[in-house]
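Please look through the structure shown here with an eye to how its side chains pack against one another. The paragraphs that follow take the packing step by step.

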Amino acid sequence: MILSDYLINDIKPIPVTNKMRDLQQLFNQLTYSHIPVINENGIFIGSFFETDAHCFDGDKPIKEFIYSLEDFFVNDTTLWLDVLEAFAVSNANIMPVLNTENKYIGYYELNDIIGLFNEAPFFSEAGGILVVEKGINDYSFSEISQIVESNDGKILGAFISNMNTDLVQVTLKIGQTGLSDIIQTFRRYSYNIVSGHEEDGYVESLKERSDYLKKYLNI
């Protein structure tokens, strides 16, 4: 996945020397939750939230209200999962992107990053879903991979879906084989089988949850 293909720069950051009215008018034209702001030297200093912008006197310069700026961004080298996390944490639908010199170069849209999430092999490829559980100090991804591959399976995706002080649950998407032999092997290695789905119903459920996340964050 090449995130640079999704970098957008059609909206230029608003200088703090502009009137607040300029920012308010821009929000009226767009559907974004935030607008990036730069200082007098052209350096990115944060983003204004739409609701906050409409609360201030439009005749005053933006720099009088920089205390309301929200300081979130990613770099052009940030991985897409970390970008998705940044969207969730910031509760925004636009994410400023800075280069290695911390200069603003554009932004990502939430819809594009969610789209990458849904296009990942975990969702797009056919296969079974298996959730296994073991002691937090006893499991290893290398062992999990060995168990799957020794039964001619291919791991299409894996993540830790639950964890506490004693146990960890790992959700696996497995292609190219049925789950019966794999499940039996996991049991021989003292893994508890939390759930196993030959069909993709579980994946469809995850897709629905990602769509819900998209709607929740798409302010």
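Which residues does Met20 touch, not counting residues up to four places away in sequence? In this predicted model, Met20 touches Phe48, Ala53, Phe56, Asp57, Gly58, Lys60, Pro61, Ile62 and Phe65, once residues up to four places away in sequence are left out. Met20 is also one of the residues with the most contacts inside the largest nonpolar core, a set of 22 residues in which Leu23, Phe48, Ile62 and Tyr107 are named alongside Met20 for their contacts. At least two residues of this core are supplied by each of H1, E2, E3, strand E5 (94–98) and E6, and the largest share, four residues, comes from H1.

The aromatic rings can be followed next. A search of the whole structure finds eight aromatic pairs, and among them is the pair of Tyr32 and Tyr107, which is edge-to-face, with 5.4 Å from centre to centre and 75° between the planes. Because Tyr32 lies in the loop between helix H1 (20–29) and strand E2 (34–38), while Tyr107 lies in strand E6 (residues 104–109), this pair ties together parts that are 75 residues apart in sequence. Both Tyr32 and Tyr107 are buried.

Phe44 and Tyr104 form a pair with another geometry: the ring centres are 6.2 Å apart and the planes stand at 20°, and because planes under 30 degrees apart count as stacked, the pair is described as stacked. This pair, too, links distant parts of the chain, with Phe44 in strand E3 (residues 44–49) and Tyr104 in strand E6, 60 residues apart. Phe44 has 8% relative accessibility and therefore counts as buried, and Tyr104, at 16% relative accessibility, counts as buried as well.

Gln169 lies in strand E9 (residues 167–175), and Gln169 counts as buried because its relative accessibility is 16%, where the cut-off for buried is under 20%. The side chain of Gln169 makes a polar contact with the side chain of Glu133, at 3.1 Å. Not counting residues up to four places away in sequence, Gln169 touches Val131, Val132, Glu133, Phe159, Ile160, Ser161, Asn162 and Val194.

Conventions
Residues numbered from 1 in each chain as written. Predicted model: local features only at pLDDT ≥ 70, side-chain atom pairs only at ≥ 80, totals over all residues. Heavy atoms only, no water. Phe/Tyr/Trp six-rings, centres within 6.5 Å; stacked < 30°, edge-to-face > 60°. Buried < 20%, exposed > 50% of the residue type's maximum accessible area, 1.4 Å probe, protein only. Polar contact = N/O pair within 3.5 Å; in protein donor to acceptor, adjacent residues only side chain to side chain. Contact = heavy atoms within 4.5 Å. Core = buried A, V, L, I, M, F, W, Y, C linked by side-chain atoms within 4.5 Å.
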